[in-house]
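The following note sets out points for a colleague who is reviewing the model. Please read each point beside the sequence and the coordinates.

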Amino acid sequence: MPEQVDNVGVMAGKDVDDGWAWAVLVASYMNQFLLSGVCYMGGMFQVVLLEHFQESVGFTAWVTAVYASLMLAAGPLASVITSYFDSRTSVMLGGLLLAGGLVASSFATSLSYLFVSFGLTAGLGLGLSYTPSVVIVSYYFDKKRTIVTSVALSASGMGLLLAPIVFRYLLDNFAWRESLVILAGICIHITVFGALMFPIHERKACPVFSRCGKHRSKDPSEDLAAEVVMDSNTNNDHNHSRIIPYEIDKYGSVILKDDCELMQNGTVDKMHGTTDSQLDIFKNVAFVVFCVNQIMVNAACGVYSIHLGAFCESYGTSAQNIAWIFSVNGPANIVSRILLGAFAHASEKDVWILYYGVLLSSGTVFCLMPLFAKTYPAQLVAGILIGTYMGGSYSLPPVLIIECVGLKKLASAFGVSMICAGSGWLVAPPAAGWLVDLTGSYDYSMYLAGVLMFLSVLVGLVVPQLIKPENQSHIHGDHSVVTEEAEKCDVR
């Protein structure tokens, strides 16, 4: 039985595209700047832990791997908290956990203690803060959404550029325990910026649907699925229009949900639900294989990021120069995401080829590093190349997931892919560490990263052949609504 709707439309008010929206944009920018920088300090902190605790490389890598992996793996949990409460709750909780975890880590007397305080606690705070900090911008901007999302996401590059230099400065002038406390003092500002992200009061006038045809009776400002977009292209019948509830993912992309019809008398009727079919993504062989690809890609990236500092140190590179090797990843990462995202947006058939190309290039650089990257200049060049290839590859998976499962299942499929990516970051660095313990050389960690990347390409080559015809769509076609923002994606 359809229910009466008083008012249907996208949120509007003085704080949309104006007013408090600009304060939220600044808060989002600062949080992404801080979170991106703090996330990638794991590789530098790995060297510190090895020197202080004198434990095996494999065991030590568990601490930093768990910390970095939760940046991705905690994304779905952040979405749940955001849905039940709001973005501010998730960001502030994450900021408190991150700062508290760093302070607690300064008292660590063992790696087991750090595994809980730094790996689990601080890592969880990282994941809970990052996703909502990106999402919130899309709710405060409508007409200017594309440009402000680009501005907000550009903060990640600045964080990657400056954080290694700042962390190196702290380690040079303070003990590592004191450095963690100072970082905690910086990270507590994430909670302060999160406090600025309160829900828009104007949204109370808009109907909220947890599912199509079901009007939410609770305060709409507490639900991030509060928007309904009118679809004027699917129905020319003047007696009713089609409306599509949607939400915004971590990249600011529009994710369509269940289809509904708005009848002329103002009632909403459900056309066909998709909730029961969301689990069908696990029956989609193409998507399952793509998830395996994502595990391998992120496993290779995790091995490189966690063990890069120790690899460079093994060839006599100074700690200050290692910081610069990490830093060049930032600008290379951002430039490549823009360029490859633009190319993917302009291409209808070559996105898979482009994806394979950047993965093959990354794997090649990984395997060549033990042979040629034995000096600081060569390591710097390798860092720029890896930042370019790997950074660009992160802008393509959202579009490729649409190819595998279709647009309506993007939300659930993307959440699954984030967990798979996080699992790659979690497992591979400790495995590479055990390989270093066995061989006594960090060269084999880079070889492992290269092999994993090559295997990811072999697995990925199968995916286009498994995609069902009904899910195939060109970049400029069915999913043009999401590609403009997906190409700017940042997560890791």
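1. Gly19 is partly exposed, because its relative accessibility is 41% and that class lies between buried (under 20% relative accessible area) and exposed (over 50%), computed with a 1.4 Å probe and protein chains only. Gly19 belongs to the loop between strand E1 (3-4) and helix H1 (20-39); helices (H or I, at least four residues) and strands (E, at least two) are DSSP runs, numbered from the N terminus. The C-alpha atoms of Gly19 and Tyr140 are 9.5 Å apart, although 121 residues separate the two along the chain.

2. Some conventions apply throughout. The model is predicted, so that local features need pLDDT of at least 70 and side-chain atom pairs count only at pLDDT 80 or more, whereas totals for chains, interfaces and linings use all residues. Residues are numbered from 1 along each chain as its sequence is written, and side-chain values use heavy atoms, with hydrogens and water left out.

3. As to the chain overall, it has 18 helices and eight strands. Of its 492 residues, 59% are buried. Contact means heavy atoms within 4.5 Å; among contacts between residues at least 6 apart in sequence, 79% join residues at least 24 apart. The chain exposes about 18900 Å², of which carbon and sulfur atoms supply 65%; accessible areas come from the Shrake-Rupley method with a 1.4 Å probe, and for residues only the protein chains shown count as cover.

4. H2 is largely enclosed by the rest of the structure, because 10 of its 12 residues are buried. Those buried residues are Gly42, Gly43, Met44, Phe45, Gln46, Val47, Val48, Leu49, Leu50 and Phe53.

5. Most residues other than glycine have a negative phi. Gln54 lies in the loop between H2 and helix H3 (57-73), and it counts as exposed because its relative accessible area is 60%.

6. The largest nonpolar core has 115 residues, among which Leu98 and Leu102 touch the most other members. Helix H9 (residues 285-314) gives the most to this core, with 16 residues. Such a core is a set of buried Ala, Val, Leu, Ile, Met, Phe, Trp, Tyr and Cys residues joined through side-chain atoms within 4.5 Å. Leaving aside neighbours within four places in sequence, Leu98 is in contact with Leu35, Val38, Tyr67, Thr121, Ala122, Gly125, Leu126, Cys187 and Ile190.

7. Ile295 is located in helix H9 and is partly exposed, because its relative accessibility is 31%. Beyond its neighbours within four places in sequence, Ile295 is in contact with Cys420, Ser423 and Gly424.

8. Arg168 pairs with Asp172 in a salt bridge whose closest N and O atoms are 3.2 Å apart. Both residues lie in helix H7 (residues 145-173), four residues apart, about one turn of the helix. Arg168 is buried, at 17% relative accessible area, whereas Asp172 is partly exposed, at 40%.

9. On the surface, Val285, Val451, Leu455, Leu458, Leu461, Val462 and Leu466 form a nonpolar patch with about 560 Å² of accessible area together. Patches of this kind are made of residues with over 30% relative accessible area and no salt bridge, with nonpolar side chains (Val, Leu, Ile, Met, Phe, Trp, Tyr) joined within 5 Å. Helix H16 (residues 443-460) contributes the most to the patch, with three residues. Leu466 lies in helix H17 (residues 463-466) and is partly exposed, at 33% relative accessibility.

10. Ser445 also lies in H16, but it is buried, at 0% relative accessibility. Apart from its neighbours within four places in sequence, Ser445 is in contact with Val303, His307, Ala432 and Val436.

Definitions and conventions
Patches are made of residues with over 30% relative accessible area and no salt bridge: like charges are joined within 9 Å, nonpolar side chains (Val, Leu, Ile, Met, Phe, Trp, Tyr) within 5 Å. A salt bridge is a side-chain nitrogen of Lys or Arg within 4 Å of a carboxyl oxygen of Asp or Glu.
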